[in-house]
Amino acid sequence: MWVPLRYWRSGEMSAHNLSLDGLEVLARQNEPGTRVTSGPSAAVGLQGKRYTANSVTKSFDGAAVLSEVSITFEPGEIHTIVGENGAGKSTLVKIMAGIYQPDSGELLLGQDRLAGLTPRSAQHRGIYLVPQEPALMASLSITENLFVGILRRGRLRFNVDWASMKREASAHLARVGLDIDPECRAEELSVAQQQLVECARALVHRCAVIYFDEPTSPLTAKEAGTLFDVMGSLRSDGYTLGFISHRLDEVLAISDRVTVLRDGAKVLSAPRSEVDKAALVKAMIGRELITRERVRPHFDAAGRKEMLAVEGLTSAPSFEEVSFSVRAGEIVGLAGLVGSGRTEIAETIFGLRRTDRGTVRVEGRLLEHRAPRICIDAGLVYLPEDRGRHGIFAEVEVERNVTAGVIPRLERFGPLLKPSAERVMAQQATEKTAVRMASLDTLMKALSGGNQQRAMLSRWLLAGPRVAIFDEPTRGVDVGAKDDIYRLVAQLADEGLALVLISSELNELTITCDRVLAMYEGQVVGELSGAEIADASLGALVVGGHLK
Amino acid sequence: MTTLPTPPASAAPAQAAGPVVSRAGPGSVALNLLLNVLRRREVQLVLAILGLFALCTALHPQFGVASNIAFILADSVTIMIVAVGQTIVVLGRGIDLSVSPVLGMAAVSAGFLAADNNLNIWLALLLVLAIGTGLGVGSGFLVSVVGIPPIIATLATLTIYGGWQFIICGGMSVINIPAVYTNFGAANLLPGVPWLVVIGAGVVSVAYLFLKKTVTGRSVYAVGNNADAAFRAGIPVRRILFTTYVISGFLAGLAGLIYLCQIGSATSTSGSDGNTNLMSIAATLIGGTTLLGGRGGPVGSALGAVFLSEALQAMISFRINEIWDPAGVGLLILIAVVADRKGVPVRQLFRQPFRQPAGATR
């Protein structure tokens, strides 16, 4: 119960502050001579301003995420930012919305230079970020969600003026095309509706500069259409709109201007009329796709034993009708953006998600009711994408982290495990992956990301797999560990392991894989093998483009 | 490709950080070793127990006599055994609030049968173990199969079992226990070494071996530390969680018989009158097991129980009214928790214990 209480208190305070510096200042600047009245009519009259970032640079822990990016958002325009995962799109809009502070560079709203922007002061200035995942308070009503932070006082000064807020809430909801009772709770709404409520919240907070951070990724095409209608009507009312997406079709459909970020730098910024899909794809993935030597020559697996066979696997709505097979000694990549269904496929194979249809065979044996234990015993292992949440036992020694997958197989004396045998196993496994640690008794949390990942790899190798799925094996590891992991992957394949490699980094796939399946929106949209992998068509496929 | 901005772990310098890395010359190795030993909660507790003992003996020479030491140890055994079960549950990131009525149910059931039908003490042992196990199955079922957060599930069983204890008693108390029970409660294996202390030490040893050396015990740490990762590593998470509550019930039942032998009576408030819940959790926390799960062990909890017993005895010898006992225990919990910098994760306890992924069959 303390959550709503806290917001109530801050709400009363901010209602007070807002009347002084936020709302009226904004209103005066925007509508000279017009007296602001509460109610939707005033909101409609809001005018967006030009909002500019000049040479903004940002790095996290020494890794540059944005370098010298300048961008201008004009009122009455939808300005879209596109780019691959990790290109810096979200970071840029988060800086513009005051969530991150830039390391250098300046932000200009109209003529005003904004320094030390916070999410709160950004909102007072009329800048609002609709987050990727709606962040509503599930058990509160829509009205409360809309007015959080600016709850209106009633006549008695200590009470809340529900009636007027409800009236205004209804009007704003209608404005974003939502026909729902403002009294219903946020958790009763679909994701798409919650997104629209976020949008209405921007209106309630009288924000005329609104950013949408990949709002469409959780939405169906129809739901996205509704959102675009709302964005279009806000545009014609003169709002300043920023939009992030990697679905190029929708980008081209609704944008007035498109900016492409690659590796934290602006590589293209042009009016919609001057770009087409091919130009965007080219700008997004760049020319120099191959920056490294392959770690292993292409391997022709024809005639080798089929180790993993996936047939028509479906788990709606994440992915549908996915079929592929992996032979001994072969490395098959699953390429795709976040949300394209790669991880979901792996999790379904490993029995962590519901299977609607389709079969999974390991060495020809059908695995019917899959669960991690069954898969591990059948010789199939899965290295998860999110190491911290799904992989490590942070407070446990490295040794026991490594042997966790095989505890039932450890040598025993009566019911008791033989410590020496376990130690020898852990020793050998960590030597193979070159885990650097003080000793096997070191707690897992004391290891660096790269060494934690090596320890996780040794856990799964210890299980004696014949098929391994590695999901983003180099995420969050240092450069040296990356190289080691690539070499290990190559070595394992040479030893006859069938490998599935999932990665958002296309480079990673081009230097390791013998075949790559490209995923887009839950479908396998293409398969490349041999030298084909290295050209730019893979990059085009994963963003919904076509084979050249 | 740039690295993603969000996981800061990526850029953390690759350092193999051991416990305390020696910075000075080789001369400080011994010092570092000592510091590492002193960091262990078990060592700290032994020092605290000895320190308090020395202090009390210096002020009241009577405190240090052998019979008082034996009394302190014997007095701690009930809580010690319950705390070992509690520790196993807490290691799995749970909590068992139902131990006091389980202890009480065991004590009154065995007590009535012993007083009215002269129940053989070995049969009484079987009876209390069966009762404890059965009641533990109830709590374990609610947590691991139904999926109710542990603090709520065991709050429910606390109330239900407490009600049953009341019904069984029907307003009566067990008083005339056969002498064989009370004699056992006071018997010594060797001069100055009570049988109860030997049993307590035996339970702690078995629990230690169970947790460190068996497949199930080892899995408890993994589940408590990261249930999702444990499931993905092929560990049967729900079965492990279930087992922890069954063990806790089993041990609370055993403690019920010991309570009966020691006190020589049982009533509808047995178990709850001695604050078994609070004391077992206190011993567990003081012993260095965190409510976050996955860290700690039964030896610390046993020492915690001894320390609590000693502290209460010290309060008696300083003539502090026993109405202050709970306040003293509370203070010790606070000290233990503050010493453990992670604090108490209250929200964790209200979270669902483990949500098996929808598609998983096991």
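Where is A:Glu521 found? I looked it up and found A:Glu521 in the loop between β21 (515-520) and β22 (523-529) of chain A.

**Conventions.** I note that the model is predicted, that local features need pLDDT of at least 70, that side-chain atom pairs count only at pLDDT 80 or more, and that totals for chains, interfaces and linings use all residues. Residues are numbered from 1 along each chain as its sequence is written, while chains are lettered from A and ligands numbered from 1 in the order in which they are written.

Most residues other than glycine have a negative phi, and most peptide bonds are trans. I count A:Glu521 as partly exposed, with 18 C-beta neighbours inside 10 Å. For the burial terms, C-beta atoms are placed from the backbone: 20 or more others within 10 Å makes a residue buried, 12 or fewer makes it exposed, and anything in between is partly exposed.

A:Ser55, also not a glycine, has a positive phi of about 50°. I located A:Ser55 in strand β1 (residues 51-60) of chain A. Helices (H or I, at least four residues) and strands (E, at least two) are DSSP runs, numbered from the N terminus.

I then looked at the peptide bond between A:Ala316 and A:Pro317, which is cis, with omega about 0°. A:Pro317 sits in the loop between β11 (306-315) and β12 (319-327) of chain A.

**Entry on chain A overall.** I read 19 helices and 22 strands in chain A. Of its 548 residues, 49% count as buried. Of the contacts in chain A with a separation of 6 or more, 70% come from residues 24 or more positions apart. Two residues are in contact if their C-beta atoms, placed from the backbone, lie within 7 Å.

**Entry on domains.** Chain A splits into domain 1 (2-285), domain 2 (287-379 + 465-548) and domain 3 (393-463). The bounds come from an automatic or database domain assignment. I find the C-alpha centres of domain 2 of chain A and domain 3 of chain A 26 Å apart. Their contact takes twelve residues from domain 2 of chain A and eleven residues from domain 3 of chain A. On the domain 2 side, the largest share, five residues, comes from helix α17 (residues 479-494) of chain A. I sorted that side of domain 2 of chain A into eight nonpolar, two polar and two charged residues. Here Ala, Val, Leu, Ile, Met, Phe, Trp, Tyr, Cys and Pro count as nonpolar, Asp, Glu, Lys and Arg as charged, and the others, Gly among them, as polar.

**Entry on the core.** Which residues have the most contacts inside the largest nonpolar core? They are A:Ile210 and A:Leu499, in a core of 244 residues. Helix α11 (residues 237-263) of chain B gives the largest share of this core, 17 residues. A nonpolar core is a set of buried Ala, Val, Leu, Ile, Met, Phe, Trp, Tyr and Cys residues joined through C-beta atoms within 7 Å. Leaving aside neighbours within four places in sequence, I list A:Tyr128, A:Val130, A:Ala202, A:Leu234, A:Tyr239 and A:Leu241 in contact with A:Ile210.

The expected span is 1.5 Å times one less than the number of residues. Just after α11(B), I see a positive phi of about 80° at B:Gly264.

Helix α7 (residues 191-204) of chain A is mostly covered, with 13 of its 14 residues buried. Just after α7(A), A:Arg206 takes a positive phi of about 60°.

In α2(B), I find B:Arg41, B:Leu45 and B:Cys56 buried. They cover an arc of only 40° around the axis, which means that they lie on the same side of α2(B). The arc is that of the directions from the helix axis to the C-beta atoms. On the other side of α2(B), B:Leu47, B:Leu50, B:Gly51, B:Ala54 and B:Ala58 are exposed. I traced the packing of the buried residues of α2(B) to α13 (298-317) of chain B.
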